[in-house]
Amino acid sequence: MELADLTIAEASRKLRTRNVTSVELTSACLEVIERASQLNAFCWQDADYALDQAREADRRLAKGDASGMCGIPIGVKDLFCVRGVPTQAASKILDGFRPEYDSTVTRNLQDRGAVVLGKLNMDEFAMGSSTEHSVYGPTVNPWRARNCDDQRTPGGSSGGSAAAVASDLCLGAIGTDTGGSIRQPAAFTGTVGIKPTYGRCSRWGIVAFASSLDQAGPMTKCVRDAAIMLRAMAGHDERDSTSSNRPVPDFEGALTGSVRGKVVAVPREYRVEGMPSEIEAMWKSGVEMMQDAGARIVDVSLPHTKYALPAYYVIAPAEASSNLARYDGVRYGYRSRLDSECGITDLYKRTRAKGFGAEVKRRIMIGTYVLSQGFYEAYYRRAQRIRTLIRGDFEAAFDDGVDCLLTPATPSAAFPLGAISESDPIKMYLNDVFTVTVNLAGLPGISVPVRLDSNGLPLGLQLIGRPWEEASLLNFAYVLERQAEFNQKPRKWWLQ
């Protein structure tokens, strides 16, 4: 096994026993990154920057002053601020921006000795489900369908993070999830991705998309790695008013592998019309796996699920239109050139017209419309009421004794790049059909790879947990992972 193929747990053991150094581990990842340019997963990378961190991690390991993440090479989604490192959110409008501060999540990881290899590609401002809406160009999924050389999407918006982990360019990565942007790309790439409870990880220093929905989380090769990484990322932050001061549990220690007697619910409303037979078969198989592990399966109703997508695509653009108003070309980032007769309004208009991509402009316009006078009550206020009802559906299920819910993560396997036209954005938005409810309700959710479809592409199941009970959710995911025994890896065509 190559060093870059290791999981975080495996690498941590080797680092602690001095069987490998962080410099060796980091160098192995850097070599693979250099050979994997076809994937376009990394959008910024500096070997000296990474190796300096690795040498410091080795010094800490030698002293015995090391957490489970010390010396582990990771990738960071381009939405997270890292001091002195280009941070563009995959947008032209942030061209040249190098923050003078770290996001709390990246600071937490680096304080524990994690090695940041570089920044990862994404959909511009996290708006997309395919990582095609990026100033850096699309990221390519390392998985290919059998007997087909079509390039596939790794999902989005954290597609660079998912592709990097699946292709062993890094041992783990961080992403953000606003409507499924960790869980959907994890499912498309055969990796594990967890969106924690809203407030578990600080949003400070993350370029905002929709502030009431955004949440950071890890993307890893296995559930144990997700538990290790989440513990290092999470914690209270006084700079984020939505950050919880609840203690951060030992998530790895909670992986007992037993769910005997626990209640797993299957929501009726997730059996959507036109669901592919392979997705339905995988879901049924997942139910059987949890039964075999000793869990009790019940059906539940979440009656307001059908309103989740429309509500999400009112609330998220509304918050985005407000958040993105700060990008005007005056203080930092891209600025359009003007002639001497143009005023400040022209500067704003031209900068934003050229600096934002088509999908971002579409969502800004939708958001501005639903917040405008005469439409606020009809759209935004109504969507917020629906959000409350959706949260209530989950609360009722948990009050009835449900420990977690089991659903598909995506309505399909990874589709080819370019398969969904920009002229039909609704088709792309439907990729979030199983994931947006979790964000609207602020719950934790995790995607676990379960099997390959008939074309040899990975499929994942989603588990949804009680608020603040990520430890229990990770244990359910650990059991599902062991039952599924998914150990397939993509053929490394990009290194040939």
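# A tour of the predicted model

Start by selecting Arg-296, which is placed in strand E8, spanning residues 296-300. The model is a predicted one. Show the neighbours of Arg-296: leaving out residues up to four places away in sequence, Arg-296 touches Lys-262, Val-263 and Val-264. Asp-46 and Arg-296 are 250 residues apart along the chain, and their C-alpha atoms are separated by 50 Å.

Next, colour by domain. The domain assignment gives domain 1 as 3-261 + 404-484, and domain 2 as 306-382. Contact between the domains involves 29 residues from domain 1 and 25 residues from domain 2. Taken over C-alpha atoms, the centres of domain 1 and domain 2 are 27 Å apart.

Turn to the surface and select Lys-92, Lys-349, Arg-350 and Lys-354. These residues gather in a patch of positive charge there. To place Lys-354 in the fold, highlight helix H10, residues 344-355, in which Lys-354 lies.

For a salt bridge, select Asp-240 and Arg-203 and show their side chains. The two side chains meet in a salt bridge, at 3.6 Å from N to O. How many salt bridges does a search of the whole structure find? The search finds 21.

The last two stops concern the backbone. Select Gly-156 and Ser-157 and look at the peptide bond from Gly-156 to Ser-157: the bond is cis, with omega near 5 degrees. Ser-157 belongs to the loop between strand E3 (115-120) and helix H5 (159-166).

Finish at Ala-89. This residue is not a glycine, yet its phi is positive, at about 55 degrees. To find Ala-89 in the cartoon, go to the loop between strand E2 (73-77) and helix H4 (104-111).

Conventions. Residues numbered from 1 in each chain as written. Predicted model: local features only at pLDDT ≥ 70, side-chain atom pairs only at ≥ 80, totals over all residues. Heavy atoms only, no water. Patch = residues over 30% accessible without salt bridge, like charges linked within 9 Å, V, L, I, M, F, W, Y side chains within 5 Å. Areas by Shrake-Rupley, 256 points an atom, 1.4 Å probe, with all protein chains shown as cover. Salt bridge = Lys/Arg side-chain N within 4 Å of Asp/Glu carboxyl O. Lys, Arg positive; Asp, Glu negative; His and termini not counted. Charge placed at Lys NZ, Arg CZ, Asp CG, Glu CD. Helix = DSSP H or I, 4+ residues; strand = E, 2+ residues; numbered from the N terminus. Domains from an automatic or database assignment. Contact = heavy atoms within 4.5 Å.
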